[in-house]
Amino acid sequence: MTTATDISNRIMEAVMAQKLAPGSRLGEQQLAMLFDCSRTIVREALTRLSTRGIVTVSARRGWYVVEPSQDEAREAFEARRVIELGLLHQLKARAVDPGALRQLKNHLAREKAALAGSDVGMRTYLLGDFHVCLAECLGNALLADTLRDYTARTTLIAMLYQSSHDAAQSCADHVRIVEALEAGDIDRAETLMAEHIGTVQAALRLQAQTDPLAGLRDALAPVAKTPAQAVKKRPAARKAIAPLPSTSSTPPPSDDGSAYLGALL
């Protein structure tokens, strides 16, 4: 029999594989039919995911996958940075277990195989799950659960803000982190993790908060014209014709895009 945990786990996997986009609606009836269970069980699963910050509910829209704001995006990456660097830092007091290193290397092998294959969902899931696997291998189940939620949120953020980060680069970053752990160089592992998280965050297309009209300003910017178009617009033969004196108080059109904007509005 399908349980609320089964449903919530499947939804989390779909989010981390980028198969559920931010804002995707999650209808109770449709999920109940899909998982062959009652709407009560579905509602329990969605409520659990709501407390974890993965889904939300609206009186008009019902349940849907969250759409993190820019502030929430920054907070999610800050939280991951604190947790993951702290997780590595505490390794200075003890050696990394050889079994943990074997698990991490097995995970890296799966990442590389996914990169070579065509299953984009599996590739995306494994790249995000590396951070969860790292916490599990280092023996902290609580932080692993926390990182799973934050990793899912940053996956949604990457989709929402059109991340340009390269999957192969992420895998290479993971390889270097595990190599540093195997060499016992915890300081280097911390540095590499900080750089990795920073690189992923920097690939997001987050606009500066100092300009609230930035999005509209970019959309309504004058269309750039090629030199050929500019020449065609002002043929040499017409330059010799003197303009007629104007009796109107209307100012002549300008080339700064304001005329275009006025026509648009």
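Helix axes here are lines fitted to C-alpha atoms over the stretch in contact, and angles between N-to-C directions run from 0 to 180 degrees. Helices (H or I, at least four residues) and strands (E, at least two) are DSSP runs, numbered from the N terminus. This is a predicted model, in which local features need pLDDT of at least 70 and side-chain atom pairs count only at pLDDT 80 or more, while totals for chains, interfaces and linings use all residues. Residues are numbered from 1 along each chain as its sequence is written, and side-chain values use heavy atoms, with hydrogens and water left out.

**Helices α5 and α6**

- Helix α5 (residues 98-116) packs on helix α6 (residues 120-137) at an angle of about 175°, and the two axes are 9 Å apart.
- That angle makes α5 roughly antiparallel to α6; angles under 35 degrees count as roughly parallel, over 145 as roughly antiparallel, 65 to 115 as roughly perpendicular and the rest as oblique.
- On the α5 side, the contact (heavy atoms within 4.5 Å) is made by A100, Q103, L104, H107, L108, R110, E111, A114 and L115.
- Their partners in α6 are M122, R123, L126, L127, D129, F130, C133, L134 and C137.
- By class, the contact of α5 with α6 has 12 nonpolar, 2 polar and 4 charged residues. Ala, Val, Leu, Ile, Met, Phe, Trp, Tyr, Cys and Pro count as nonpolar, Asp, Glu, Lys and Arg as charged, and the others, Gly among them, as polar.

**Helix α3**

- The 13 residues of α3 (residues 39-51) should span 18 Å at 1.5 Å a residue, and the end C-alpha atoms are 18 Å apart, which agrees. The expected span is 1.5 Å times one less than the number of residues.
- Buried residues in α3 are I41, V42, A45, L46 and L49. Buried means under 20% relative accessible area, exposed over 50%, and partly exposed in between (1.4 Å probe, protein chains only).
- The buried residues of α3 pack against α1 (4-16), α2 (28-35), β1 (55-58) and β2 (62-65).
- After α3 comes G53, with a positive phi near 80°.

**Helix α4**

- α4 (residues 70-89) has 20 residues and reaches 28 Å from its first C-alpha to its last, close to the 28 Å expected.
- Q70, A73, A76, F77, A79, R80, I83, E84, L87 and L88 are buried in α4.
- The buried residues of α4 pack against α6, α7 (141-160), α8 (167-182) and α9 (186-202).

**Loop residues with positive phi**

- Most residues other than glycine have a negative phi.
- Q18, in the loop between α1 and α2, is not a glycine but has a positive phi of about 60°. Its relative accessibility is 36%, so Q18 counts as partly exposed.
- Q162, in the loop between α7 and α8, is not a glycine either and has a positive phi of about 50°. At 48% relative accessibility, Q162 counts as partly exposed.

**Other single residues**

- T124 lies in helix α6 and counts as buried, at 16% relative accessibility.
- Neighbours within four places in sequence aside, T124 is in contact with M16, A17 and Q18.
- Q29 belongs to helix α2 and is partly exposed, at 39% relative accessibility.
- Q29 and R43 are 14 residues apart along the chain, and their C-alpha atoms are separated by 9.8 Å.
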